Amino acid sequence: MGLIRTIALVVLTISFIVFIALFGRLPAFRRTPIAFLHQLLWRHIPNGFIAVDERLTGRRISRSLARTGNYLMNEKHPLVLIFFLGLQVIGEAMFVPAAWDRLATSQKIVIPCLIAGPMVFLYLSATTSSNVTPENHAECIRAYPYDFALFHPGYFCSTCRFAKPARSKHCPICKACVQKQDHHCIWINNCVGRNNYLWFNLLIVATAVLLAYGARLGYVLLDARLQERLVPAALTRGSATAKRWSTALTWGEYWQCWAWAISVEWRIGSIMMLTILSFPLATAFLVYHVYLVWAGMTTNESAKWSDWKEDILDDLVYRARIAELRETYPKLPDDVEPRDEDIKSPWPRGARAKWWLVRMVDGRQPTLRKNRENGKGVGERGAEDEGNEVPDERWTKVHSLREVDNVYDLGFWSNLKDSILNRD
């Protein structure tokens, strides 16, 4: 019982900390205990440690740890990928040989396939680039339309020195703009973007399936060991029904039997515990990315929409019809803002932005410069004093995020098709 408790507590603690670290900043957990724990983990505890270290060593330890943490989290290196791959290989090397002689032929065929799946998709996720380069920039610009909310034409990356395609983001770790950037994943040492989003999700699915199968197989093998040990076949020979080893046991006795099985079959038992307790984390990743596909968003866009929601609640956001604004803001050149007919074919031509969103720092309606001859607005807000400006009636206040369209949400199946097919 003590062994099971120790393994369970260690793995659960590690899984929970990883969950908090990875998911704590998501908009869905804002103003929840998960967000508080994320702040506690990444801000309050480090700040407390720094304060103590300041008094004891003049911050020598904290500076050293900060350099190490900065390298691990903000530099492109394969250490976490190697750890991830090594954890899988070591676990399989412990489990499979110990169980092989007791496996059925069908299981001996299935297991190599399940083991190969995560490795293949990990390789594809890690080696497939979604970077925007001078060679593919024109193609990237035509991949998605601008929505004039999260992404506007005419913005240039100060590092890469070219116009930023819609749904792209510059990754300081990869040191490149990434097409349809979802997030930078330290587990694959690569950005998850337009070209490897499919492989990344298949990696999550394959990992979750492998964990579930390993947990189930470990349970079956240890259950058979307990049945053989506690209820020998000779005792039930001739019986109409086979007696189960757990029949009439109390919960304490039941867990003591499992502790014995895990200690005897420690290679199978420890990996079974690891898979059981790691499966919820892999499932959480999978559920979250299924949600993103359903909502027509990336992780990066989810955070941006959360910021818009907060600004709308603060009465800072206005919108205007793009067709009415074209008199003031004409279309940019085709290499910066592509024509509708030039958007890549898998993207439907009817899915285009109709509204232009702006956030006003002071919450006031956007204004136009007043024409001194006739008093009518003639252009966008200028540097003149307030007396020479008039409210621009084309802009109306947004009161709810429901009033804003996400042009990248075409419905679950179309979003899924886009994730699979709309690649270089």
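Strand β6 is largely enclosed by the rest of the structure, because four of its five residues are buried. Buried means under 20% relative accessible area, exposed means over 50%, and partly exposed lies in between (1.4 Å probe, protein chains only). This is a predicted model: local features need pLDDT of at least 70, side-chain atom pairs count only at pLDDT 80 or more, and totals for chains, interfaces and linings use all residues. Residues are numbered from 1 along each chain as its sequence is written, and side-chain values use heavy atoms, with hydrogens and water left out.

**The sheet around β6**

- Strand β6 belongs to an open, antiparallel sheet of three strands, in the order β6-β5-β10.
- β6 (355-359) and β10 (396-397) are the edge strands; each has a single partner strand, so one side of each has no neighbour in the sheet.
- Helices (H or I, at least four residues) and strands (E, at least two) are DSSP runs, numbered from the N terminus.
- Two strands pair if DSSP finds at least two bridges between them.
- β5 and β6 run antiparallel and are joined by five bridges.
- Within that pairing, Arg-321 has Trp-355 in β6 as its bridge partner.
- β5 (residues 317-321) also pairs with β10, again in the antiparallel sense, over two bridges.
- There, Tyr-318 has Lys-397 in β10 as its bridge partner.
- Helix α11 (residues 299-313) lies across β5 and β6, and runs at about 70° to β6.
- Axes are lines fitted to C-alpha atoms, for helices over the stretch in contact, and angles run from 0 to 180 degrees between N-to-C directions.

**Two loop residues with positive phi**

- Asp-315 sits in the loop between α11 and β5.
- Its phi is near 60°, a positive value in a residue other than glycine.
- Asp-315 has a relative accessible area of 37%, so it is partly exposed.
- Lys-180 is in the loop between β2 (176-178) and β3 (183-185).
- Lys-180 is not a glycine either, yet its phi is positive, at about 45°.
- Lys-180 counts as buried because its relative accessibility is 9%.

**Cavities**

- On a 1 Å grid over the protein atoms alone, a cavity is a set of points where a 1.4 Å probe fits but cannot get out; a pocket is an open set with protein on both sides within 12 Å along at least five of seven lines; lining residues have an atom within 4 Å of a point.
- Grid points are joined across faces, edges and corners, and a volume is the space filled by probe spheres set on the points.
- Three cavities of 30 Å³ or more are found in the structure.
- The volume of the largest cavity is about 80 Å³.
- Among the residues that line the largest cavity are Arg-167, Lys-180, Tyr-197, Tyr-408 and Asp-418.
- Helices α10 and α13 (412-421) are the elements that each give two or more residues to this lining.
- α13 supplies the largest share, three residues.
- By class, the lining of the largest cavity has five nonpolar, four polar and three charged residues.
- Ala, Val, Leu, Ile, Met, Phe, Trp, Tyr, Cys and Pro count as nonpolar, Asp, Glu, Lys and Arg as charged, and the others, Gly among them, as polar.
- The second largest cavity has a volume of about 40 Å³.
- Its lining includes Leu-72, Glu-75, His-77 and Asn-189.
- That lining divides into three nonpolar, three polar and two charged residues.

**The second largest pocket**

- This pocket holds about 1,100 Å³ of space.
- It is lined by 39 residues, and Phe-84, Leu-87, Thr-207, Leu-211 and Ser-278 are the closest to its centre.
- At least two lining residues come from each of α1 (2-23), α4 (79-99), α5 (105-127), α7 (197-230) and α10 (266-295).
- α4 gives the most, with ten residues.
- The lining consists of 30 nonpolar, eight polar and one charged residue.

- Ser-62 is in helix α3 (residues 60-74).
- Ser-62 counts as buried because its relative accessibility is 7%.
- Leaving out residues up to four places away in sequence, Ser-62 touches Phe-49, Ile-50 and Asp-53. Contact means heavy atoms within 4.5 Å.
- Met-273 lies in helix α10, and at 9% relative accessibility Met-273 counts as buried.
- Met-273 and Leu-12 are 261 residues apart in sequence, and their C-alpha atoms are 10.0 Å apart in space.
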